[in-house]
Amino acid sequence: MSALSEFHLLSVLAQEMNMRKAAERLFVSQPALSQRLQSIEKEWETKLFVRSQKGLTLTPAGELVIKFANDVIAREEKVKESIGALNSEVHGTLKLAVASIVGQNWLPQVLKKYISRYPQAKISLMTGWSSEISKSLYEDQVHIGIIRGTPDWKGVKIHLFKDSLYLVDKEITRPEQVLETDRPFIQFKSDSNYYQEIQDWWMRQFKTPPKRTVVVDQIETCKQMAFNGIGYAILPAITLNGAEKDIFKIPLLDEDNEPIMRDTWLLGYESAFQLKQVRAFADLIKEHVEEGGN
């Protein structure tokens with residue numbers, strides 16, 4: 001960047017038209033300034049300034065060079081301003097991997113806030129089972145993962161919220177009635193720990209497996225089948241927004257008669273949170289949760 005420092009030197013000389021005053025502004029001695037000017041004129045192969053007892057006078061070549069130098073300095077200032085904007089604004093791509101149930105029911109509100117607040121940022125989003133999210137994190141394919149359940153994670157781990165599990169049906173009002181109905185228990189494919197949680201509750205409650213079971217791929221399919229009276233299902237509160245009509249929701253209780261809850265966690269490596277777009281997202285999520293967005 002020696003050329004830029006030379007342009008600044010020439011610009012100061014042209015403003016002051018006096019070696020002593022220019023030397024003071026540049027914090028150098030007059031002999032040192034004179035020597036640098038001679039070196040610059042040698043590079044340009046022409047005289048830029050004419051010295052006299054009254055001070056300095058620009059030569060025609062000097063006027064051209066000074067104009068060029070000032071143009072470069074002005075462009076430099078614009079670039080610095082742009083870099084400053086980059087440093088103060090959130091840019092870059094935020095790479096997210098999110099459990100499908102969270103991506104469908106909770107994340108959209110957060111992403112809407114994020115996009116509105118940081119319009120320069122981009123988002124890359126993948127959804128899947130929590131086990132797939134963990135795999136993406138371990139393989140460093142994403143910056144942040146949001147999973148369900150209790151994670152075994154050594155990096156940054158932020159608890160977001162927990163929600164209850166409900167037995168959902170259009171007819172059943174008490175858990176014991178599942179033993180009387182001929183309609184099926186509708187389940188959705190999920191991580192094994194979620195399945196295990198449901199099975200543990202069921203066997204503790206009824207000591208016998210369901211009469212009939214239908215397994216579907218997606219939780220939304222499971223939900224709609226239950227809402228349409230095809231069967232009953234066990235769904236987390238995150239999927240129930242309160243707008244469903246004529247639906248009974250019975251909370252699942254553990255052996256201590258406490259509601260069975262499902263945790264949601266934000267995970268990531270420490271290094272990812274050094275990125276401005278990642279840090280901004282984590283801060284926004286904390287703000288969202290504190291405001292009751294769960």
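Which residues form one aromatic cluster? The cluster consists of F185, W201, W202, F206 and Y232. The model is predicted, with local features requiring pLDDT of at least 70 and side-chain atom pairs counted only at pLDDT 80 or more, whereas totals for chains, interfaces and linings use all residues. Residues are numbered from 1 along each chain as its sequence is written, and side-chain values use heavy atoms, without hydrogens and water.

Aromatic pairs were defined by ring centres within 6.5 Å for Phe, Tyr and Trp (its six-membered ring), with planes under 30 degrees apart termed stacked, over 60 edge-to-face and the rest tilted. The count by this rule is 14 aromatic pairs. W201 and F206 form an edge-to-face pair, at 5.6 Å centre to centre and 90° between the planes. With a relative accessibility of 3%, W201 counts as buried (under 20% relative accessible area, with a 1.4 Å probe and protein chains only; exposed is over 50% and partly exposed in between). F206, at 9%, also counts as buried. W202 and Y232 are stacked, with 6.4 Å centre to centre and 5° between the planes. W202 lies in helix α8 and Y232 in strand β9 (residues 232-236), so this pair ties together parts 30 residues apart in sequence. Both W202 and Y232 are buried. Helices (H or I, at least four residues) and strands (E, at least two) are DSSP runs numbered from the N terminus.

The structure holds 1 cavity of 30 Å³ or more. A cavity is a set of points on a 1 Å grid over the protein atoms alone where a 1.4 Å probe fits but cannot get out, and lining residues have an atom within 4 Å of a point. The volume, taken as the space filled by probe spheres set on points joined across faces, edges and corners, is about 80 Å³ for the largest cavity. The residues lining the largest cavity are F185, I186, Q187, F188, Y194, Y195, I198, C222 and I234. β7 (185-188) and α8 (192-206) each give two or more residues to this lining, and β7 gives the most, with 4 residues.

Methods. On a 1 Å grid over the protein atoms alone, a cavity is a set of points where a 1.4 Å probe fits but cannot get out, and a pocket is an open set with protein on both sides within 12 Å along at least five of seven lines; lining residues have an atom within 4 Å of a point.
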